[in-house]
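Trainee: I have just opened this structure and would like to be walked through it. Could we begin with the way its strands are put together?

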Amino acid sequence: MHRWRSCGLPSPTPCVPSGLEQLVLPAECALCHALLPFDRSADLICPVCRHRWRPIVPPWCERCSQPEPLFGLCRICQDWPETLRCVRSAVWLDAGARRAVHALKYGGLPRIANDLAAAMARVSLPDTAAALLVPVPLAARRLRARGYNQSERLAQHVAQRWGRPMCQLLVRTRETATQTALTPAARLANVAGAFQVRNAECGVRNANSEFPVPHSTVVLVDDVFTTGATLAAAARALQDAGALSIMAVTFGRAVIPDFT
């Protein structure tokens with residue numbers, strides 16, 4: 001049994017093992033099960049598995065990061081809401097990266113979000129100095145079944161690394177079918193109108209301060225980008241509430257062709 005399952009999984013804070021625990025129960029990588037060195041024992045993914053993740057680099061569509069060559073308008077982001085300016089992902093969703101996401105979403109390892117967020121935090125987005133990070137919400141039934149929102153866990157750790165606040169500004173207003181087997185058009189229809197801003201008038205208050213929706217740069221956070229339908233629907237709800245500048249960051253990006 002992996003040692004991390006006894007460390008209080010609901011907490012996003014890393015559980016650092018003691019020296020005695022390290023000797024008795026050596027930490028191992030959640031993906032390849034290789035033993036982790038003592039100075040990396042708080043991690044869940046070893047350096048080798050991290051190194052195998054393929055970062056996403058230009059050339060790409062400046063708005064949605066769809067790889068070039070592009071001919072004419074980008075068919076992925078041309079129908080996005082106007083205020084959704086820029087979406088970036090850390091790595092391609094293949095091999096080990098996909099296993100890491102599955103461990104986060106379905107494997108009962110919410111603490112692995114810290115390792116994924118380390119890659120996300122290196123993504124370059126403009127104007128994040130005044131950004132408010134907003135996780136894409138889960139529907140109530142899935143949240144109860146999973147016990148946590150993986151996007152919220154990612155957003156918490158990215159916010160810590162960027163030194164920016166995180167707020168659960170969005171709610172999911174209805175259950176939606178899983179997007180996995182849907183076509184791009186069906187994905188758009190599936191999530192249309194599925195999000196709403198908690199306070200659609202002037203802003204939202206958290207423990208520290210108030211962040212007005214119309215004037216803050218909002219960065220949506222999600223685990224995976226496939227066609228962008230979910231991010232576009234979430235951004236549309238924020239735009240309707242008055243947000244003027246919206247960006248997004250995800251850990252993985254699915255390898256998909258440009259659509260005809």
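Trainee: In what sense do S1 and S8 pair, and over how many bridges?

Mentor: S1 and S8 pair in the parallel sense, over 7 bridges. Strands are DSSP runs of E with at least two residues, helices are runs of H or I with at least four, and both are numbered from the N terminus. Two strands pair if DSSP finds at least two bridges between them.

Trainee: What should I know about the model before going on?

Mentor: This is a predicted model, in which local features need pLDDT of at least 70 and side-chain atom pairs count only at pLDDT 80 or more, while totals for chains, interfaces and linings use all residues. Residues are numbered from 1 along each chain as its sequence is written, and side-chain values use heavy atoms, with hydrogens and water left out.

Trainee: What is the strand order in the whole sheet?

Mentor: The order is S1-S8-S7-S2, an open sheet of 4 strands with parallel pairing. S1 and strand S2 (131-135) stand at the edges with a single partner strand each, so one side of each has no neighbour in the sheet. From one strand to the next, the twist averages 25°. That angle is taken between N-to-C directions and runs from 0 to 180 degrees, with axes as lines fitted to C-alpha atoms, for helices over the stretch in contact.

Trainee: Which strands does helix H3 touch?

Mentor: Helix H3 (residues 96-105) packs on the sheet and touches S1, S7 and S8, its direction making about 105° with that of S7. Contact here means heavy atoms within 4.5 Å. Helix H8 (residues 229-240) lies across S1, S7 and S8, and runs at about 160° to S7.

Trainee: Why is H4 described as largely enclosed by the rest of the structure?

Mentor: H4 is so described because 8 of its 8 residues are buried. Among them are Asn 114, Asp 115 and Met 120. The buried residues of H4 pack against H2, S1, H3, H6, S7 and S8.

Trainee: Changing topic: which residues touch the most other members of the largest nonpolar core?

Mentor: They are Ile 45, Trp 53, Ile 112, Leu 116 and Phe 251, in a core of 44 residues. A nonpolar core is a set of buried Ala, Val, Leu, Ile, Met, Phe, Trp, Tyr and Cys residues joined through side-chain atoms within 4.5 Å. Apart from this core lies another, of 33 residues, including Val 87 and Leu 231.

Trainee: How many aromatic pairs are there in the whole structure?

Mentor: The search finds 2 aromatic pairs. Trp 53 and Phe 251 are edge-to-face, at 5.0 Å centre to centre with 75° between the planes. Rings of Phe, Tyr and Trp (its six-membered ring) pair if their centres lie within 6.5 Å; planes under 30 degrees apart count as stacked, over 60 as edge-to-face and the rest as tilted.

Trainee: Are Trp 53 and Phe 251 buried or exposed?

Mentor: Trp 53 is buried, at 7% relative accessibility, and Phe 251 is buried at 0%. In the other pair, Trp 80 and Phe 225 have ring centres 6.2 Å apart and planes at 65°, so that pair is edge-to-face. Trp 80 lies in the loop between H2 and S1 and Phe 225 in strand S7 (residues 217-225), 145 residues apart.

Note on methods. Buried means under 20% relative accessible area, exposed over 50%, partly exposed in between (1.4 Å probe, protein chains only).
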